[in-house]
Amino acid sequence: MKNNGFPNIHEVLTELRWYRSFYIWRVFIMKALKLLILLLALTVLAACAQMSPVTAPIGIVNNDHEALVRHYENLAEEAKIKLQENKEILEAYEARSYYYGRQGLDLPSHASANIRAHEETLSKSLKYVEFHRKMAMEQRNNRINTAEIDPEDRDLTVENDEYSGNTEL
C-alpha cells in the first residue's frame with residue numbers, strides 16, 4: 001500500500017514508544033543522580049560537623065595551659081550565667097504556662113533542653129579546667145627541674161660498653 005508521501009503510522013508509533021521509554025529512563029537517572037549528589041553533600045557536611053559543644057580555643061597555643069585554664073574558666077562562668085537565666089525562664093513558663101497559649105508546652109521543653117546543654121557545657125569546661133591546671137602545675141615543675149640541671153655536666157657516655165643496641169646490621 002502506498003502512503004502518498006505520508007509516513008507509515010506503525011513506524012511513527014514505534015519511534016514514539018522508543019522515545020517515551022528513553023525519556024522515562026533519562027528522568028529516572030537524573031533523579032537518582034540528584035539524590036546521590038544530595039546524599040554525598042550531606043555526608044560531607046556531617047563529617048565536618050563539630051560534635052563537642054565545648055569549642056576549641058582559637059589563638060591559644062596548645063602548651064599554654066595557664067591560658068587554657070583562663071579560657072575554660074570564662075567558658076564555665078558564661079555557661080553558669082546562661083544556666084541560671086534558663087532556670088529562671090523555665091520557672092516563669094511553669095508558673096504561668098497559660099500566658100503562652102499553644103506554645104505553653106513547647107517553651108518549657110525548649111528551656112529544659114537549653115538547661116541540659118548548659119549543664120553539659122559547664123561540666124565539660126570544669127573538667128578541662130582541672131585537666132589544664134594539672135598540666136600547668138606539671139609544666140611549672142618541669143621548668144623548675146630543668147633549671148636545676150647543671151648545663152656544664154654533659155657527660156653522655158654509656159657506662160656499660162658491653163651492651164650495644166645494634167648487634168648486626
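## A pair within helix H3

Lys124 and Glu120 sit four residues apart in helix H3, so about one helical turn separates them. In this predicted model, the two form a salt bridge, with their closest N and O atoms 3.5 Å apart. Lys124 is partly exposed because its relative accessibility is 24%. Glu120 is partly exposed too, at 36%.

## Bridges between H2 and H3

The structure holds four salt bridges. One of them joins Glu66 and Arg140, with 3.0 Å between the closest N and O atoms. Glu66 belongs to helix H2 and Arg140 to helix H3, so this pair ties together parts 74 residues apart in sequence. Glu66 has 33% relative accessibility and counts as partly exposed. Arg140, at 37%, is also partly exposed.

Arg133 and Glu73 meet in another salt bridge, at 2.2 Å from N to O. Arg133 lies in helix H3 and Glu73 in helix H2, so the pair links parts 60 residues apart in sequence. Arg133 is partly exposed at 36%, and Glu73 is partly exposed at 32%.

## The nonpolar core

Eight residues make up the largest nonpolar core: Ala76, Ala79, Leu83, Leu90, Tyr93, Ala111, Ile115 and Leu122. The largest share, five residues, comes from H2.

## A negative patch

Glu85, Glu88, Glu91 and Glu94 form a negative surface patch. Glu94 lies in helix H2, which spans residues 65–95. Its relative accessibility is 55%, so Glu94 counts as exposed.

Notes. Residues are numbered from 1 along each chain as its sequence is written. This is a predicted model: local features need pLDDT of at least 70, side-chain atom pairs count only at pLDDT 80 or more; totals for chains, interfaces and linings use all residues. Side-chain values use heavy atoms; hydrogens and water are left out. Patches are made of residues with over 30% relative accessible area and no salt bridge: like charges are joined within 9 Å, nonpolar side chains (Val, Leu, Ile, Met, Phe, Trp, Tyr) within 5 Å. Accessible areas come from the Shrake-Rupley method with a 1.4 Å probe; for residues, only the protein chains shown count as cover. A salt bridge is a side-chain nitrogen of Lys or Arg within 4 Å of a carboxyl oxygen of Asp or Glu. Lys and Arg count as positive and Asp and Glu as negative; His and the chain ends are not counted. The place of a charge is taken as NZ of Lys, CZ of Arg, CG of Asp or CD of Glu. Helices (H or I, at least four residues) and strands (E, at least two) are DSSP runs, numbered from the N terminus. Buried means under 20% relative accessible area, exposed over 50%, partly exposed in between (1.4 Å probe, protein chains only). A nonpolar core is a set of buried Ala, Val, Leu, Ile, Met, Phe, Trp, Tyr and Cys residues joined through side-chain atoms within 4.5 Å.
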